[in-house]
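Student: I would like to go through some backbone and packing details of this model. Can we start with the loops?

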Amino acid sequence: MKMTNPTAFQNKYGLEETTGLKTAKTIYWNLTAEQLYEEALRRGEGNITAGGAFTADTGKHTGRSPNDRFFVETPEVRNILWWHKGNKGISEDNFEKLYAKAQKYARERDLFVRDAYVGADKNSTMVVRMVNEFAWHNLFAKNMFIEPSAGELKTIKPEFTVIYLPGLKADPASDGTASETAIEINFKKKIVLIVGTAYAGESKKCIFTVMNYLLPLKGIMTMHCSANVGSGGDSALFFGLSGTGKTTLSADPKRGLIGDDEHGWDDNGVFNFEGGCYAKVIKLSKEAEPQIYATTHRFGTVLENVFFDADTRALDLDSDALTENTRASYPLSFIDNAVPGAKGPHPKNIIFLTYDAFGVLPPVSKLSKEQAMYHFMSGYTARVAGTEKGVKEPQATFSTCFGGPFMALHPSKYARLLKEKIEKHQASCWLVNTGLVGGPYGVGSRISIKHTRALLNAALEGKLAEVKFVKDEVFGFEIPVECEGVPAEILQPANSWKDKGEYYKKYCELAEAFVKNFEQYKEGTPAEILGAAPRPAELVK
């Protein structure tokens with residue numbers, strides 16, 4: 001049955017007026033989840049699974065396409081953006097060519113439009129408009145962005161528009177792209193154009209990239225991190241790459257969840273950019289992650305590339321038949337301990353999580369402001385065998401500010417802002433290793449989650465402030481000599497290795513990897529941050 005009144009929540013700022021897009025078909029404005037389900041199912045875009053979640057197959061693109069992301073080289077951004085291999089430019093002429101194709105393509109399609117907010121703090125928020133070819137992409141946007149009231153939907157003016165047309169293919173020869181896929185961010189026109197991929201995560205991450213450009217220029221810190229808050233109003237930030245335990249450790253039932261991925265820090269405190277979560281669900285356990293597991297069996301959740309039984313509709317969360325990067329998108333309200341308003345006070349603790357597969361970093365260490373900036377800009381963790389194709393032994397990997405693909409400005413800009421916030425609000429900074437102890441990969445064992453939580457709770461509750469610390473000889477950070485509930489021998493990694501000489505060798509190798517990685521940031525980075533680098537040559541063996 002055809003749904004009625006697709007213009008019930010039509011915004012007064014028309015699509016053609018703001019973007020030049022028009023269609024001979026229907027524009028569906030700000031539909032409800034129920035209406036979007038109906039439209040997506042009618043169009044054959046996906047299926048309903050046991051419990052009521054909607055699942056879609058994104059085809060050959062089961063993750064982001066970083067090599068296909070471009071910034072349009074307009075005068076406004078040419079001298080501000082941090083240009084490197086991940087931040088590539090494309091000419092205005094090439095953008096206009098592809099945009100003309102998008103306008104032509106859109107004329108013969110139904111379009112789903114959603115107006116929403118990015119940024120829970122009204123002083124730092126942005127109105128974003130999503131224009132989707134697929135109904136389920138619009139449902140994804142409904143989950144991930146902050147919903148205005150019914151009255152606001154009709155009057156708010158979009159400040160940035162994402163036009164998402166998966167069925168349109170770019171032509172590298174004529175459009176200047178790297179492939180048929182393109183994600184092009186135009187700050188002059190305030191438009192993001194996405195073509196040639198159905199992976200929904202592109203839409204949320206391109207807006208995060210936009211915020212990472214706009215807000216720091218206003219003195220507002222942007223962060224790829226999770227955040228929670230204790231009953232006493234003690235907010236904490238958790239930075240960490242995939243596999244470090246960011247989601248698990250921040251999802252503490254004793255603390256309220258502000259958000260799991262993208263945040264800002266302004267004069268009012270910490271705030272979530274989003275209204276939802278985008279969780280990886282491969283091998284998700286009901287016992288280990290009950291709240292996230294529950295969302296996968298709930299109406300309104302969007303599942304990407306999750307395998308299910310065609311007859312019973314039962315999910316198989318253990319299956320990687322389509323991809324290892326299976327995902328669930330759901331509103332924050334689906335999490336019991338989500339903080340109303342998705343905001344918190346200024347953080348008292350900042351946690352940098354790393355999975356050290358070399359087994360040489362301590363389970364917890366306290367960082368000075370300068371060391372915190374150094375580790376923030378470095379964004380270190382390690383890949384281990386079995387997690388990525390071709391990885392046979394541990395490899396150090398670094399991602400700028402723990403979110404390299406989304407950092408539009410020079411890393412030192414974000415580091416300076418973070419330092420200012422830390423100094424003003426007297427936040428403590430910690431490096432937490434959730435990786436190995438007792439030896440490198442193949443010899444050592446992963447630090448017990450029980451011990452990691454004990455160390456983390458001791459830091460968050462101020463208990464570590466009462467114990468003695470010793471200074472590390474290479475990295476310079478401070479290591480506690482004791483912590484209730486944690487064996488003393490694992491606090492100093494060298495004590496848990498049988499071969500001390502081999503330990504020092506591996507420790508120096510890791511320190512040298514840090515130094516080598518940081519070479520790319522030297523230009524434009526303050527001397528006090530450069531001075532916080534590890535000094536492997538000074539190791540006393």
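Student: In this predicted model, between which strands is the loop that holds Asn305?
Tutor: Asn305 is not a glycine, yet its phi is positive, about 60 degrees. Most residues other than glycine have a negative phi. The loop that holds Asn305 lies between strand S18 (302-304) and strand S19 (327-331).

Student: Is Asn305 buried or exposed?
Tutor: The relative accessible area of Asn305 is 1%. Buried means under 20%, so Asn305 counts as buried.

Student: At roughly what angle do the axes of helix H11 and helix H12 cross?
Tutor: Helix H11 covers residues 369-378 and helix H12 covers residues 411-425. H11 passes H12 in a right-handed crossing. Their axes come within 10 Å and cross at roughly 145 degrees.

Student: How do the residues of the contact of H11 with H12 divide into nonpolar, polar and charged?
Tutor: H11 contributes Lys369, Glu370, Met373, Phe376 and Met377. From H12 come Pro411, Ser412, Tyr414, Ala415, Leu418, Lys419, Ile422 and Glu423. The division is eight nonpolar, one polar and four charged.

Note on methods:
Residues are numbered from 1 along each chain as its sequence is written. This is a predicted model: local features need pLDDT of at least 70, side-chain atom pairs count only at pLDDT 80 or more; totals for chains, interfaces and linings use all residues. Side-chain values use heavy atoms; hydrogens and water are left out. Axes are lines fitted to C-alpha atoms, for helices over the stretch in contact, and angles run from 0 to 180 degrees between N-to-C directions. Helices (H or I, at least four residues) and strands (E, at least two) are DSSP runs, numbered from the N terminus. A crossing is left-handed if the near helix is turned anticlockwise from the far one by less than a right angle, and right-handed if clockwise. Contact means heavy atoms within 4.5 Å. Ala, Val, Leu, Ile, Met, Phe, Trp, Tyr, Cys and Pro count as nonpolar, Asp, Glu, Lys and Arg as charged, and the others, Gly among them, as polar. Buried means under 20% relative accessible area, exposed over 50%, partly exposed in between (1.4 Å probe, protein chains only).
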